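This briefing is for a reader who meets the structure for the first time. Please look at the sequence and the model below before reading on.

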2 protein chains.
Amino acid sequence: MGGVTDERRARMRLSQLVEPGDERLGAALAASSACAVLARIEGNDRTLPGVEHYRARLGLAPIGLDEAWAVGGVRYLMPGDGEWPTQLDHLGNAAPWGLFVTGAELRVAAARSVAIVGARAATQYGLHVASDLATDLATRGWAVVSGGAYGIDAAAHRGALAGGGNTIAALAFGIDVAYPRGNASLFARIRAEGGTLVSEFAPGSTPTKPRFLMRNRIIAALTRGTLVVEAAYRSGALNTAAVARRLGRPVLVVPGPVTSAQSVGCHRLARGDEPARLVTDASEVIEDVGLIGELADRPDPLRRVRDSLDPVSLRILEAMPAESVATVADLSVAAGVEVGSTGGVLLRLVAAGLVREAPAGFVRVPGAADAVVRPQR
Amino acid sequence: MGGVTDERRARMRLSQLVEPGDERLGAALAASSACAVLARIEGNDRTLPGVEHYRARLGLAPIGLDEAWAVGGVRYLMPGDGEWPTQLDHLGNAAPWGLFVTGAELRVAAARSVAIVGARAATQYGLHVASDLATDLATRGWAVVSGGAYGIDAAAHRGALAGGGNTIAALAFGIDVAYPRGNASLFARIRAEGGTLVSEFAPGSTPTKPRFLMRNRIIAALTRGTLVVEAAYRSGALNTAAVARRLGRPVLVVPGPVTSAQSVGCHRLARGDEPARLVTDASEVIEDVGLIGELADRPDPLRRVRDSLDPVSLRILEAMPAESVATVADLSVAAGVEVGSTGGVLLRLVAAGLVREAPAGFVRVPGAADAVVRPQR
């Protein structure tokens, strides 16, 4: 991080006093320094909107950079720092005024990143798909951003690590807090394996529902697009998607069975006024969120011998009985093609290996028309 | 059917000689009567494009209205008949020049109809969804059109009959032919329960792959929209969808697991240049294919008490520990709301039944904030 200035200390203090995402504070910080704003709060300047609320926590001891949480390599970033991910500033007055970060360099990691979010109470299907997608994105050099929760979030983080890629967990609580407890080892693993943890909440802050919602805007704003893997009718993931949409970032969904309550939210997004794009694999995710020209490599569809036949040849071939011999006259009538043309077409089909001559006529070569043609490159 | 005229007989004869969908013949029929076109074929008029092929089947005995198939109530419709579904004429020169029909009045049945098509090798999921959707559409007065094949087609027909509704099977073979054999009882049931069978192929015609493709255009053109329930990467159902799109009719798909090969075709359609609409129930199908104003009745999403709280009240409520008592001062700090406001908000939360006063402070009323608010109409 840059030098430890009064400005940095003031922003850390504001992270204690004010809930993130407060647009009144954002407006004040756009107009003056954090030191000046902090002085107005301490001086109970009634011309600062919200000051009466901000003062509620003045009794808390200010946090310093010598605390236990900072020893583990936690740094406090603010706008203007080289590591600051400037895409967060698209949030306007709701942009974070600072971030506690630990692990890999945030700006680089987030530059080519996708959010993968979804239900805590995910199904085996959702967990499997989230993990696979994250692994495939990681192997292609994309970082996966999520919220560190149970279910889809954890599967996405783990999948990215399994793919040897970067992953960023944006937390709804202090960076020194492990919530849920059961994910403490996941957070430790993310730090150990070159991932990044990020939080705008003061160390020690506990999670609350409004904080999860506020945190969601960080996930949406850090990334090139937000992918919802599973979401119930009401789901925090839909909130993340809504922020992404407001920011003009692509919103993607994984489809699922219409009989699954955990896919209802995804399907709702896909039917919205601005329909979310449906994706089924990492190639499609990259196609939808990548830079122009960064198109997915995708195998050509299988092409079969029958696909290259002209309509008349196909009609004659299809008119042939599966296993018995047919005469030219039979086939002319069955296909509705004159006898002269029928004979010529049959000879071409013989040459192509699709039909065999038999003593009393012609028979099909079983399976020949369905053989796959190797694409020529 | 209307009167048995020479024109009707000529069209029936053409159904023997020419494969349906032949645009050269369609152009000739647009310019003159079927009797005149038939005379040109019989006279080997080389100025008629395709005549050399049409003559291949002249040796077949002409079919008449006194044949066995006609005894069972089969009639031959042609454009201009009151029962002719004029939406088929949107196919232009590829429109059918006549239809063998048995069962309920075709025009009325098709007027408010949806195509439900998909894989023969459907999964249990696909069969279940196709059947349920067809039943629900039938109970709302929509006819279900499909192709009479195994898998999704059969499930759709059966579902519509189960819903007491109409169903139309458009066949790729003669109306007196049962293919596949295993669906003979389905065809009999459709006739017995007031459904309709329709075919443009001469009685006795056997199915071939090109005939299935030609038949698909009838399914697409008869209906207000085409719904694909399950389809592999290569599937005839995608061809039906392509015709529907060319005709400007909505194309809808049922999503499925991305791990299912039988949903790949549906997902491809949803990611196309003109993305298919994703549907998850009959209400959404009607919403997408219905006339303007024919909107689905849909329950409002559940609204909970917490949804009507202002942000500050919600913050204070969320800051309350789940089971222990908190003081006003605790909550002021935890929520970041000044003490005076915190007390006032708490009293309003008590009045709303969301919080209870306790000897040493306040406690949450478990579950109260998540209670569902009955919508007022």
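What follows covers the sheet and its helices, the contact between the chains, and some backbone details.

This is a predicted model, in which local features need pLDDT of at least 70, side-chain atom pairs count only at pLDDT 80 or more, and totals for chains, interfaces and linings use all residues. Residues are numbered from 1 along each chain as its sequence is written, and chains are lettered from A and ligands numbered from 1 in the order in which they are written. Helices (H or I, at least four residues) and strands (E, at least two) are DSSP runs, numbered from the N terminus.

**Sheet and helices of chain A**

- An open sheet of nine strands runs in the order β1-β2-β6-β5-β4-β3-β7-β8-β9 in chain A, with mixed pairing; two strands pair if DSSP finds at least two bridges between them.
- Its edge strands, each pairing on one side only, are β1 (75-77) and β9 (277-278) of chain A.
- In chain A, β2 (residues 99-103) and β6 (residues 196-199) pair in the antiparallel sense over four bridges, and Phe100(A) stands opposite Ser199(A) in β6(A).
- Helix α8 (residues 152-162) of chain A lies across β3 (113-117), β4 (143-146) and β5 (167-170), at about 160° to β4(A).
- Helix α10 (residues 209-222) of chain A lies across β3, β4, β5 and β7 (226-228), at about 150° to β5(A).
- These angles run from 0 to 180 degrees between N-to-C directions, and the axes are lines fitted to C-alpha atoms, for helices over the stretch in contact.

**Contact between the chains**

- 36 residues of chain A are in contact with 38 residues of chain B; contact requires C-beta atoms, placed from the backbone, to lie within 7 Å.
- On the side of chain A that touches chain B, the largest share, four residues, comes from α14(A).

**Backbone details**

- Most residues other than glycine have a negative phi, and most peptide bonds are trans.
- A cis peptide bond joins Tyr179(A) and Pro180(A), with omega about -10°; Pro180(A) is in the loop between β5 and α9 (184-192) of chain A.
- The peptide bond from Tyr179(B) to Pro180(B) is also cis, with omega near -10°.
- Asn44(A), in the loop between α3 (34-42) and α4 of chain A, has a positive phi near 55°.
- Asn44(A) is exposed because 12 other C-beta atoms lie within 10 Å, where exposed means 12 or fewer, buried 20 or more and partly exposed in between, with C-beta atoms placed from the backbone.

Key. Two residues are in contact if their C-beta atoms, placed from the backbone, lie within 7 Å.
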